[in-house]
Amino acid sequence: MTASPMVSTYSMWALFRNCRKAVDWRYLQQLVPLQRDRNLHFGSIIHECLQAWHQRRDLDEVLAIASHLCANRLQDENQRRDWHLATAMMRAYAARYAMDDFEVIALEKNFEAPIVNPATGAASRSFVLAGKVDGIVRIGGEHFILEHKTAGQVDGDYLEKLWTDFQITIYAHYIEQTMGIPITGILYNVLMKAKLQQGKGETEEQFQARRTELLAKSKTGKTTAKRKLPESDEEFQQRLAEKYADPETFHREMLYLSRDRFDVLRAELWELTQAFLEAKRRGIFYQNTAFCFNYQRPCQYFALCRSNGNPNVIENFYQRVPPNEELRAVPNESTEPAF
Ligand code: SF4
């Protein structure tokens, strides 16, 4: 009896290209850190909110989703931060895009199809490629993949780099194949993440220290300084709303697909499958240490690699979670692998 093909995603192949060892940790040994990146949490919230918005355009429902996904916000500071940001972002988004110039054909659309050897046209017996796109929309009779992105800054550099988003290009190819819809391009729906923080206020000690400093500088020996109180939720929402009134906090960019790029990516994907099979056969997944700090922070497997896979490190800092979570839950905000 032959084993069924392994379900792979483009995230896995992109990671394999960057560091084979990271693929071993995640996809073969199924390890993830106990402490997950909080960006993933925020990305999940926004994707769920956007999906609901584009389905029914009911802002109350969308805000209720954000509240539900941050149910511990009174106790958990990270959840409170995510809730504030998601609430302000979605309120402003609903106002900005009260009307859209596209028709939604599908949302959160999954696909699964063979990876094909471009030289022979034969399907791989070892792997299928699975993925999920945020949406498919129709604009003036043509179909586009809708791709949501959140970003710290949306400027020329950011937009310039969108063409390197190969994942969505190859997903477009697979959507064409599995749904029989010709895809003209990608509509990037970019939402800027405001960097504002809710004011914490001053402790009595901090206030006294500041007051003493001001008195020392004062020519009259007096000061009208008052203790700074924590910013209320309403005040912070107001400040966020002012920030999101800036039209530059949202951006939509349309990119047309290049058919040549499909061919290059399909060939590359096939090459990666062959390299993976060879690594597995030999039991050797090389570490690419040049990649450990690629995103200005350590790779999530840094502790594992540094300790050479010490079982105590695994026991205390990692858990086993089946791969391809993005196919089950909503996807994260980033195309960056493993970090
Ligand atoms: S820590 Fe470095 S070598 Fe280890 S998996 Fe991550 S990128 Fe690869």
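Reader: Is C70 buried or exposed?

Author: In this predicted model, C70 counts as buried because its relative accessible area is 0%, and the cut-off for buried is under 20%. Another cysteine, C19, is also buried, with a relative accessible area of 11%.

Reader: How many disulfides does the structure hold?

Author: The general idea comes before the case. A disulfide is a covalent bond between the sulfur atoms of two cysteines. The structure holds zero disulfides. C70 takes part in no disulfide, and the nearest cysteine sulfur, which belongs to C49, is 8.3 Å away; to count as a disulfide, the two sulfur atoms would have to lie within 2.5 Å.

Reader: Which residues touch the most other members of the largest nonpolar core?

Author: The largest nonpolar core has 56 residues, and the members that touch the most others are W13, I145 and Y301. If residues up to four places away in sequence are left out of the count, W13 touches S8, I115, F127, L129, L269, L272, T273 and F276. Apart from this core lies another one, of 28 residues, and among its members are I45, I65, C70 and W83.

Reader: Which residues do ring pairs link into a cluster with W13?

Author: The cluster linked by ring pairs consists of W13, F16, F127, F276 and F285. Over the whole structure, the count of aromatic pairs comes to 16.

Reader: How should I read a pair such as F111 and Y174, and what is the angle between the planes?

Author: One looks at the distance between the ring centres and then at the angle between the ring planes, where planes under 30 degrees apart count as stacked and planes over 60 degrees apart as edge-to-face. F111 and Y174 lie 5.6 Å apart, centre to centre, with 20° between their planes, and the pair is stacked. Since F111 belongs to strand β3 (residues 103-116) and Y174 to helix α7 (residues 166-179), the pair ties together parts that are 63 residues apart in sequence. Both F111 and Y174 are buried.

Reader: Which kind of aromatic pair do F144 and Y256 form, stacked or edge-to-face?

Author: F144 and Y256 form an edge-to-face pair, with 5.9 Å from centre to centre and 75° between the planes. F144 lies in strand β5 (residues 142-151) and Y256 in strand β7 (residues 250-256), so this pair ties together parts that are 112 residues apart in sequence. The two partners should be read separately for their cover: F144 counts as buried, at 1% relative accessibility, whereas Y256 is exposed, with a relative accessible area of 55%.

Reader: Where does the charged end of R73 sit?

Author: The charged end of R73 sits over the ring of W83, 4.8 Å from the centre of that ring, and W83 is also one of the members of the 28-residue core. In a second case, R252 lies over the face of Y97, at 3.5 Å from the ring centre.

Reader: How many residues of helix α2 are buried?

Author: An α-helix has 3.6 residues a turn, so residues three or four places apart point the same way. Helix α2 (residues 20-28) is mostly covered, with seven of its nine residues buried. These buried residues are K21, A22, V23, D24, W25, R26 and Y27, and the list can be traced along the helix in the structure. After α2 comes Q30, which has a positive phi, near 60°.

Reader: Where does R57 lie, and what is its phi?

Author: R57 is found in the loop between α3 (38-56) and α4 (59-69). R57 has a positive phi of about 55°, although it is not a glycine, and R57 is partly exposed, with a relative accessible area of 32%. N308 is exposed, with a relative accessible area of 69%.

Reader: How many helices and strands are there in the protein as a whole?

Author: The protein has 13 helices and eight strands, and its C-alpha trace spans about 85 × 55 × 35 Å along the principal axes. Of its 339 residues, 43% count as buried. Among contacts between residues at least 6 apart in sequence, 78% join residues at least 24 apart. The accessible surface comes to about 18400 Å², and carbon and sulfur atoms account for 50% of that area.

Key. Residues numbered from 1 in each chain as written. Predicted model: local features only at pLDDT ≥ 70, side-chain atom pairs only at ≥ 80, totals over all residues. Heavy atoms only, no water. Core = buried A, V, L, I, M, F, W, Y, C linked by side-chain atoms within 4.5 Å. Buried < 20%, exposed > 50% of the residue type's maximum accessible area, 1.4 Å probe, protein only. Contact = heavy atoms within 4.5 Å. Phe/Tyr/Trp six-rings, centres within 6.5 Å; stacked < 30°, edge-to-face > 60°. Helix = DSSP H or I, 4+ residues; strand = E, 2+ residues; numbered from the N terminus. Lys NZ or Arg CZ within 6 Å of the ring centre and 35° of its normal. Areas by Shrake-Rupley, 256 points an atom, 1.4 Å probe, with all protein chains shown as cover.
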